[in-house]
Amino acid sequence: MKFRHFVKTIPMKLYIIVAAVLLFAFFSNDFGLVDIQKTAVILAAGIDRSGEDFRLTAQLAVPKGSDRTTGGTSSVEIKTEGKTVSDCITQIFTDTGWVPKLVFCNLIVLGEEAAKEDTISYLNYFLRNEYMPDSCLLAVCEGTAEKLITSQSAIDDASSLAIAKLFSDAAEKSGYVMPNTLKDFAIGYYGVSKSSYLPYLRTMPQDGAQTPSSGTQPSPQEEEQQKIYTAKHTALFSEGRMTALLSPEETLAFSLLKGKVSAGTFNAEAEGKPVTLTLLEDEGKISLQKDPTKAKLSVSVMVRFCCSGTTAPIEEISSDEVTKETLKSAEEVLKGYLSSMWEKATEGGCDLLGLRKSLYRSSLKKYAEYKNMLPHAVTPQIEVNVASMK
Amino acid sequence: MKQITGDLKKSVDALKKLLPAEDILTFPFSSEGGIAFTCVFADPVTDKELLGEQVVRPLSRYTGAATSSEVKKHIVSPEVRTGTELRTLADEVLAGNPVLLFEGMDEALILGTKKVFVRAIAEPSTDVTVRGPREGFIEDLKINTSLIRRRFKTEELMIETSEVGRRSKTAVALCYLEGTAKRDVIEEVKGRLEEIDVDIIPDSSYLTHFLSSRPFSLVKQVGTTEKPDIFCAKLAEGRVGLIVDGSPIALTLPYLLTEDFQSSEDYFVSAYRATFTRLLRLFALLVAIYLPAFYVAAQLFRLQLFPIKLLLTIAGAIRDIPFSPSLEMLLVLLVLEVLNEASIRMPKYVGMALSVVGALVLGETAVSAGFVSTPAIIIIAFSGIGLYAVPNLIEQTGVLRLAMLLVAGSVGTYGIVLLTGFVLFYLVTCENFGTPLVAPFSPIVGHDLKDSILKYNYGSLKTRPKTLKSPNRRRQK
Amino acid sequence: MKLSRRQIYLFLACVAPIGKLVVLPTELVREAKNDLLLPVAIHFLVQAAVIFCVLLLGRRERGLYEILEGTFGRVFAKICMVTLSLFLLLAGLVPLIEQQLFVQGVFYDTLPSVIAYAPFFVFAAYLASKPLAHMGRVWDILAPLFAVGLLGILLLSVGSADYAALLPIGASGTGFLKSTLSASVWFFDAPLLLLLLGKFEYREGMAWKGALCYLGGGLAVLFFLATFYGIFEETAINQIFAFSKTAKYFSGITVLGRIDYIFVYALALVLAFYTVLPAQCAIDGVVQAFGSPRHLQTILSAGIFLGYFVLSLVFDYSFFALLKFMTKALVYLFPVFATLIPALLLTLGRQP
């Protein structure tokens, strides 16, 4: 009888035990976990080489107190050095007492020197980390990442937030910036092309003057000056190493081939005078011929007249149509950009256009035969078709 | 059982022995013909004016024979019955029905001159509608049944009254539509009512305990309504209803969880609007239960649930709060519950002041003093409002919200998922009167989904809900 | 409480596939690379055929134990039931530990203490102490949750996928065959269904409808796998907990936060119930064989999940060693128990 009663009341006893354990956990609030009040939210990380070591500059978001009603994001930069990136991240905790969390890290910037070695050898820390989103933006910068991350932005509270604006969808449509994410960079690296690209960041003083070249030391006044950022150049990578740098025009050509442009502008000539044309629609295609040493790069764009360097009567201003002569000039300009982009990529050993990948996907046999010849042995056939809005 | 005899004095004495209370009075009088009568009645619950008007005055002029059939003819009341057993007569007296005894007869007359204290029929405060009937049940069984009878002019409406409660002998009316309600359910309800052995039934809510298959469960298993139109609609769907004397809340069986997401107004507005509002109630309820829990779990265990801007705002707001996020939320929730409880119980004129105190003093000052953060108050405010979107489930959802908060604060988001799974399993395996609580979602009854959280046009609802297994399925051609 | 045919279909179409969306996609990529769809397609086809056979057995309207007892006698039937139960307990170990890792990775920002997963065992022990047929009603609710969850994730993911990454077919060489063998560890739905025999009423056409439902669920899994590989390509091998990963590249996420977690959590709920199922079936097998002495089910369920809890502590940091052991050493058990035996049962004599 007693045993039966005991068994019958087991569920109730279990409920009480579970409730007691839950309450204990609730009030003790200690699972060894890191809550919001102990967390350093890393917004961006910059990675530089410092001799044999790595130097990591982390931009941490600092919450404003409840009395602040102005909004915005305050940030603070923490610099650490270590043998590995992981080492540097751990040091943030030992130096500040805050537990660094990468879940909101939306930007990783590589310093120029760090980008010249096998980047995946240190970026793999982020790829392995389950708590780090591989959708975060990745970029290379002129000089050191530390300088870029610690610079004061003229357009946002934190430099990382200002830089992230450069990589927006709208900016990408202009054709002058080619953002990339950690995941896509890794896919390029581990894929058959072993190539990838990253936007190349530069800082400029707010007044528009160029930053002093990396060789000369900036004065303290220049250091404190608010900066704006550009990412018109694109760094090319082969086997994880930065091997070439595309100019803004070449970046545009690359964007056009990717078919991503729908709001950019470029300059052509009309009657010997410069004119600016607006890109409305873009279709780019890269195809390998039956003979894989020949590739066809074709770009078809729709443009409209934007601005010319001459005074024009009002009737002309009201028309968006582009003359045949200008269209021809535009075609030549774009061909030039494409050709130059191809040369730079080939020289850098970067299979930027993924020819190896295309060949691999279309024929394993041909891939085995030609993989070592791509892309340097490929003769490109460049076709540009510029049409005007009527 | 003791019976009355023809000896008036002995009978009155026997009855008074059974009813020794001081408020049980006797009124002896004689007719012109010389017959001695004694009326035994309970003073507080007998309408003496009616008794004088309908019984004493006509009988004092009576000159006929001393037989109950003759005497009965001279009483001008529509409700006169006869009784012989002393116990029955005593129960009738206690129920407010005076007993008339007279010399030479071994039978007494039971007179229906009960004094009825009733408040006016008014709109129930718990179920207010903009469109549709505004009548609500009151505490009187007869008036409540009359409100139902008025809506069903059919012989199929059955109202079977029984008494429940050893001492209270509360009248309980079992209402159903013959041929529409499932016979098994009717019999089971009758059976369970008969099995009840309890002192008193002061309110219908006492019955729910005896009518539930899992009486200790937090989950509601009996439907409730204060409105006769809803009650009748439920009877028409094939349910069985119970009205308890002294309670304005009627019970309906079998109960489905979806009922509480429905309002009578849904049937008076367009189907689109009704569907939207039902979905809105469901959403509000889910927000009420889950929002505080997710807010706490996100802060403690999974920051990524917040967009970065929101995270920083929250981080800024809680920076100087001395409590952990879970304790802070529990504190605010308890304060809300206390305010809620106090504002319900307090006199109305104080209630107004209390809401000012609650809103301004406790809210604003607590934030300024850094005891709690603004986001926590906003979260609890949202949750509090959401809870009232489904007022009939407040008891259950309030507890569930607290439980969710506890698991969120101790186990995190996975605790919320697991508790949801536990509640889900419990709900889907819950049955009462052979009807699954979560039907028509589990088990899925496609036909009944037309009037569940969704609401189809009335033209599509030609048959009664399958779940209720009504023997007469068709309700419109 | 009996299971309805609809509940069986919903289980096959919407609950059984969930176990294939966590670690399996990554494990497939290890050997099969871009051919990851082939092993899964093969398994779904084979299991669908076996499910067809098992459901045909349902025509006899008797439980598995009764069928075995009728043919082989009481003692052998008991041995068979215990063996099958042991197999299910073993098969249930991988989903259990992979869910543990999934919980640690997806529900927390930092690696939590192993104890954080302990409440699952309380939940599981509670579920397993209840009759198996109760699960039918749960599947009624889980099916739409699975459909909405997976559809939501796919909708947010397809835009980021490059389906051409699945080309060229056959690039893995014999890798897909190795992958097919190791993936057997995740395909034991037919034996689960065996334990449900006698708990539902067979109706003409149920067998092929059930098989089709299973294939329908399989198609959804294949589409997900294609999307998964289309998004991650060569890095897919690094992306465990697949269904929580694919939707995060949706552009709205940056503004709204991880809205994809609404769908991930819905699927996590389905996964929680699915993970308990092998043990539930195993317990039911024992109860079928030995009758149901008072509280046997509760005691068994508490004991089994206590054991599982201990194993989860042991394997928390060596899941991949366990997986390797299962996919290399014990993998041959799966074709036998999950395919051969259920299919052969159909050939057993109809009457005792």
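This is a predicted model: local features need pLDDT of at least 70, side-chain atom pairs count only at pLDDT 80 or more; totals for chains, interfaces and linings use all residues.

Biologist: How many residues of chain C are in contact with chain B?
Modeller: Two residues are in contact if their C-beta atoms, placed from the backbone, lie within 7 Å. Here 28 residues from chain C meet 26 residues from chain B. On the chain C side, the elements giving two or more residues are α7 (118–128), α8 (135–157), α12 (253–256) and α13 (260–290). These labels are for DSSP runs numbered from the N terminus: helices (H or I, at least four residues) and strands (E, at least two). The largest share, six residues, comes from α13(C).

Biologist: Which classes of residue make up that side of chain C?
Modeller: Ala, Val, Leu, Ile, Met, Phe, Trp, Tyr, Cys and Pro count as nonpolar, Asp, Glu, Lys and Arg as charged, and the others, Gly among them, as polar. The side of chain C that touches chain B has 19 nonpolar, three polar and six charged residues. Chain C also touches chain A, with 20 residues of chain C in contact with 22 residues of chain A. That side of chain C has nine nonpolar, seven polar and four charged residues.

Biologist: How do I read two helices packed together?
Modeller: Two packed helices are described by the angle between their axes and the distance between the axes. Axes are lines fitted to C-alpha atoms, for helices over the stretch in contact, and angles run from 0 to 180 degrees between N-to-C directions. Helix α15 (residues 413–428) of chain B and α7(C) pack at about 10 degrees, with axes 10 Å apart. They are therefore roughly parallel (angles under 35 degrees). Residues making this contact include Leu418(B) and Phe422(B) from α15(B), and Phe120(C) and Phe123(C) from α7(C). The contact divides into eight nonpolar, two polar and no charged residues.

Biologist: And what is the strand order in the chain B sheet?
Modeller: Strands of a sheet pair through backbone hydrogen bonds, either parallel or antiparallel. Two strands count as paired if DSSP finds at least two bridges between them. The five strands of this open sheet have the order β1-β2-β4-β5-β3 (chain B), with antiparallel pairing. β1 (24–30) and β3 (80–83) of chain B stand at the edges with a single partner strand each, so one side of each has no neighbour in the sheet. The twist averages 25 degrees from one strand to the next. Helix α4 (residues 86–94) of chain B lies across β1, β2, β3, β4 and β5 of chain B, at about 60 degrees to β2(B).

Biologist: What should I look for in the backbone?
Modeller: Most residues other than glycine have a negative phi, and most peptide bonds are trans. The bond from Leu253(B) to Pro254(B) is cis, with omega near -10 degrees. Lys194(A) is not a glycine, yet has a positive phi of about 55 degrees. Glu233(C) also has a positive phi, near 45 degrees.

Biologist: Is Glu233(C) buried or exposed?
Modeller: A residue is buried if 20 or more other C-beta atoms, placed from the backbone, lie within 10 Å of its own, exposed if 12 or fewer, and partly exposed in between. Glu233(C) has 24 C-beta neighbours inside 10 Å and counts as buried, whereas Lys194(A), with 17 within 10 Å, is partly exposed.

Conventions. Residues are numbered from 1 along each chain as its sequence is written. Chains are lettered from A and ligands numbered from 1 in the order in which they are written. Angles under 35 degrees count as roughly parallel, over 145 as roughly antiparallel, 65 to 115 as roughly perpendicular and the rest as oblique.
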